[in-house]
Amino acid sequence: MDPVRNPYAPGAGQRPPELAGRGRELDVFDVVLERIARGRPERSLMLTGLRGVGKTVLLNTLRSQAINRLWGTGKIEARPDQSLRRPIAAALHMAVRELAPRHRAPDRIDAFLGVLKAFAQRTVPTARGAAPKLRDRWQPGIDVPASSGRADSGDIEIDLVELLTDAAGVAADVGTGIAVFIDEMQDLGAEDVSALCAACHELSQLGAPLIVVGAGLPHLPAVLSAAKSYSERLFRYQRIDRLDRLAADQALCAPAAREGVEYEQKALDLLYEKSGGYPYFVQAYGKATWDHAPRSPITTADVRVAAPEAEAELAVGFFGSRFERATPAEREYMRAMATLSLVRGEDDGGGRDDMDAAVPTAEIARALGRKPASLSPARDALIKKGLIYSGERGTVAFTVPHFGRYLRTQPT
């Protein structure tokens, strides 16, 4: 079939042509926005899930919902090597700029921008007293002078509480709200996570119209809880999982139908088996199958012919790029995980090769003939690189679906 008309879009954060299976999350966020608009208390929202389940796509869609309600919005992507101060200042600058044309008091906007500039320019020397790195000496494009005595103490927790409270006040002036969207939230530093929790706690107590919508890996709730014990009650958590069968079929069939193309039922059966219902894989297999199918309806034979191409692309772009980031010791650790996760899955009665069970770290140590303490550097490095996570104490699992299956096919 015509590859130019191929409707599928396997890409990082790229919205698929049919956002299937996420209606509940969209409805929940609509309720949150409406409640805040009516002065009702609401919690900030945290989306968690493995890589490839569409967290970034959903985060962007929620942002569009807020924009449609005339909220001020800003979005950042957390990085483990960067302080929260600079990116969140940029996000709030964008959000307030969206609200400024509707504000009747320009002086009020200028006053907030002065606080924002002071917050952004406040730098703290490193532990050895050295000057901060150039990227942390950011000069925001704000024409008003920096204010003094507000959000400029140098303590990120104090400063962030004051800054977000002031931003919420600007939104309240125009009868709307501000939403800050944070992707890869598990990569925030411990101090930044603590500050963000404290700020959200203060905002919720004040009933202020500002919320944070975060997205991160499955261990994000544990990261937040380690920072502030009350975070378990502070946020509304939504786990974003793979699509069920009906939603996966919809993701494939709806865009194809708009192009006048149909699928045989057995072809859909095989595509779900191959993709496991993970949105990124649904798009990858759908795209390859479309390009190989000679005509409509798409058949099982078309899927079988196309599958090796989809798998080869995933092996290089989705799996291989992550595997290459690991050191030899880290690869050894992950290979042991892959073998043990399959065994544990079979022991649990699952027996599915696309499901990688969590593995106790003690079992990995036994399999490698090592002491658990000697493997801690490899484990910690893999967690920092976002390749594995610890959902429960003493266990680890892959952050990438099908990664164990990929590793089991690679030569040692």
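Visitor: How do H11 and H12 lie relative to each other?
Guide: H11 and H12 are oblique to each other (angles under 35 degrees count as roughly parallel, over 145 as roughly antiparallel, 65 to 115 as roughly perpendicular, and the rest as oblique). This is a predicted model, where local features need pLDDT of at least 70 and side-chain atom pairs count only at pLDDT 80 or more, while totals for chains, interfaces and linings use all residues. Residues are numbered from 1 along each chain as its sequence is written, and side-chain values use heavy atoms, with hydrogens and water left out.

Visitor: What angle do H11 and H12 pack at, and how far apart are their axes?
Guide: Helix H11 (residues 279-292) meets helix H12 (residues 300-324) at about 135 degrees, and the axes are 8 Å apart. Axes are lines fitted to C-alpha atoms, for helices over the stretch in contact, with angles from 0 to 180 degrees between N-to-C directions. Helices (H or I, at least four residues) and strands (E, at least two) are DSSP runs, numbered from the N terminus.

Visitor: Which residues of H11 and H12 make the contact?
Guide: From H11, they include Tyr-280, Phe-281, Ala-284 and Tyr-285. H12 contributes, among them, Val-303, Leu-314, Phe-318 and Phe-319. Contact means heavy atoms within 4.5 Å.

Visitor: How does the contact of H11 with H12 divide into nonpolar, polar and charged?
Guide: There are 13 nonpolar residues, two polar and three charged. Ala, Val, Leu, Ile, Met, Phe, Trp, Tyr, Cys and Pro count as nonpolar, Asp, Glu, Lys and Arg as charged, and the others, Gly among them, as polar.

Visitor: And the loop between H11 and H12, what is its proline?
Guide: That loop holds Pro-297.

Visitor: New topic. What is the strand order in the open sheet of five strands?
Guide: The order is S2-S3-S4-S1-S5, with parallel pairing. Two strands pair if DSSP finds at least two bridges between them. S2 (72-77) and S5 (235-239) are at the edges with a single partner strand each, so one side of each has no neighbour in the sheet.

Visitor: How many bridges join S1 and S4?
Guide: Four bridges pair S1 (residues 44-48) with S4 (residues 210-216). Leu-47 sits opposite Ala-215 in S4.

Visitor: Which strands does H1 touch?
Guide: Helix H1 (residues 23-37) packs on the sheet and touches S1, S3 (178-183), S4 and S5. The direction of H1 makes about 165 degrees with that of S5.

Visitor: What is phi at Glu-184?
Guide: Near 55 degrees, which is positive in a residue other than glycine. Glu-184 is in the loop between S3 and helix H6 (190-206).

Visitor: Is Glu-184 buried or exposed?
Guide: Buried, with a relative accessible area of 17% (buried is under 20%, exposed over 50%, partly exposed in between, using a 1.4 Å probe and protein chains only).

Visitor: At what angle do H6 and H7 pack?
Guide: H6 and helix H7 (residues 220-227) pack at about 80 degrees, with axes 8 Å apart. H6 and H7 are therefore roughly perpendicular to each other. Val-193, Ser-194 and Cys-197 of H6 touch Val-223, Leu-224 and Ala-227 of H7.
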